[in-house]
Amino acid sequence: MLQSAVSIQIGIVVAYLLLALGVGLVAYRLTDRTAEDYYLASRTLGTVVLLFTTFATLLSAFTFFAGPNIAYGNGPEWILVMGLMDGVIFGVLWYVVGYKQWLVGKAHGYVTLGEMLGDRFGSPLLRGLVAGVSLFWLFPYVMLQQVGAGGALSALTEGAVPYWAGAGLITAFMIVYVVLSGMRGVAWTDTLQGLFMLTMVWAAFVWVLSAVGGVGAATDAIASSNPEFLSLGGGVYSPQWMLSQAIGIAFGVAMFPQVNQRFFVADSEKVLKRTMALWPIVVLLLFVPAFMLGAWAAGLGVPMPESGNILPGLLAEYTPTWFAALVVAGAMAAMMSSSDSMLLSGSSYFTRDLYRPFVNADASERREDLIARIGVAVFATLAFLASLYNPPSLFVIGDTAFGGFAQLAPPVIVALYWSRTTLWGMLAGILGSQLFYTVTTFTPPAGETTTVLGVVVPGVMETFGGWSSSVVGMVVGLVLVVGVSLVTDASVAERPSVLAGPTDD
């Protein structure tokens, strides 16, 4: 039976790879040899594709594995953080940030956030800074996806495919696929993957409930074994902590390159607004069943498997082998759907914001398209090599990436809405908040010390009255960008804060 499950899982993964490659080949035939078409599909995505490509890129692996694990250990309250508060906050940001970016991008042909801000303030330095900060937080996050996929393949084959070979195979596939397909192919496969995720998680939800006797029986089991799961807070979360998580993650998501870049790709204003309205609904439809499955597993006494992920253990206990294999293998494929978007966005930030302004400002569209595809291969290969080395520092960076990206949000929002914003204000806001967040995140807690290059470094506070350093850092960035802008000269060549762009009423 075990061998059968492994065969099914491997078969599903191979089928997904072949399907994605086929989609990539079709997309390659339809893609113009321009950077805008390669990175943004010529800004032609409709509501369904835009919604589900963002959905699959952002929520796939976390929902299948980390979400149920959190609920298994601490109860289902993270539905409030990720499913409700975070979904609603990001939906609002989709309009506050995304709509303005779409207008400006449509009017001026911007491809990346750094390109938009650099042009707004007439500063290649600012453009490069935004790209550098983004790549710093993105690189280890790509590596973590390769670590996860390589480990999953090794586990699926019971070690027959070693970790390095699994990670290498996935990396090679992603290079070929992303180089061929660009945003159009990535978005199409993400749409299929997003629909698949919703279908499978609800099928698992219904199947497990049927097996245990319904919602009442599953909830009674939680009340007997983990009664604290049914009370708000449960002695684990404080209101400040929950709000910090929701705010930090939502604002971080809005600045994640693979998500932020999707603000540029909508076919029309109507598409962008429809997607914004549908986002919280789709998030709840995914997170509610996923987190409840984890909480019910705790109540039902399902032991945590050696893999460290509770969902496969729950499915193995209450669903047929073939169904459990389908969900788990699909989850690994979902992990790859996140990686391809990260590679594409990372390449665009490197090509548009570092190569073009600092190496070859006169590069033709076809040359930039070629450099973009080479950039995907280089970015993926470096992340793969890092995944073999497994440096702990990169894991820490990846784990805190949401907070790092969140620090970009206040300066970006101020620049979009306040015409008095200056270049010096932007530089101070970005550098100051990044410095604050990295110091409070990577130094030891208050009262402890560490030694760096022979210098004793004292610990600093990690939380501030229960609020995370991510949220406090965002406040620091907001104060700096506004304060410095008020006392510095705004007479340099800067574009208006809100540019008139095309609308589609």
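Modeller: The answer begins with the chain as a whole, goes to the helix pair, and then turns to other parts.

This is a predicted model, in which local features need pLDDT of at least 70, side-chain atom pairs count only at pLDDT 80 or more, and totals for chains, interfaces and linings use all residues. Residues are numbered from 1 along each chain as its sequence is written, and side-chain values use heavy atoms, with hydrogens and water left out.

The protein chain holds 19 helices and four strands. Both are DSSP runs numbered from the N terminus: helices are H or I with at least four residues, strands are E with at least two. Of the 505 residues, 57% are buried. Buried means under 20% relative accessible area, exposed over 50%, and partly exposed in between, using a 1.4 Å probe and protein chains only. Take the contacts between residues at least 6 apart in sequence: 85% of them join residues at least 24 apart. Contact means heavy atoms within 4.5 Å.

Now the pair. Helix 17 covers residues 409-417 and helix 18 covers residues 423-442. Their axes come within 8 Å and cross at roughly 160°. Axes are lines fitted to C-alpha atoms, for helices over the stretch in contact, with angles from 0 to 180 degrees between N-to-C directions. The two helices are therefore roughly antiparallel. That label needs an angle over 145 degrees; under 35 counts as roughly parallel, 65 to 115 as roughly perpendicular, and the rest as oblique. The crossing is right-handed, meaning that the near helix is turned clockwise from the far one by less than a right angle. Pro411, Val412 and Ala415 of helix 17 meet Met426, Gly429 and Ile430 of helix 18. By class, this contact has five nonpolar residues, one polar and no charged. Ala, Val, Leu, Ile, Met, Phe, Trp, Tyr, Cys and Pro count as nonpolar, Asp, Glu, Lys and Arg as charged, and the others, Gly among them, as polar. An α-helix has 3.6 residues a turn, so residues three or four places apart point the same way.

Next, helix 19, residues 469-487. Its 19 residues reach 27 Å from first C-alpha to last, close to the expected 27 Å. The expected span is 1.5 Å times one less than the number of residues. Its buried residues include Met474, Gly477, Val481 and Ser485.

Helix 5, residues 113-120, is mostly covered, with seven of its eight residues buried. Glu115 and Arg120 are among the buried ones. Just after helix 5, Gly122 takes a positive phi of about 60°.

Ala41 has a phi of about 50°, and Arg43 has one near 55°. Ala41 sits in the loop between helix 2 (35-40) and helix 3, and Arg43 lies in the loop between helix 2 and helix 3 too. Ala41 counts as buried because its relative accessibility is 1%. Arg43 counts as buried at 4%.

Helix 3, residues 47-74, contains Ala71. At 0% relative accessibility, Ala71 is buried. Leaving out residues up to four places away in sequence, Ala71 touches Pro76, Phe229, Phe291, Gly294 and Ala295. Its C-alpha is 8.8 Å from that of Ala290, 219 residues apart along the chain.
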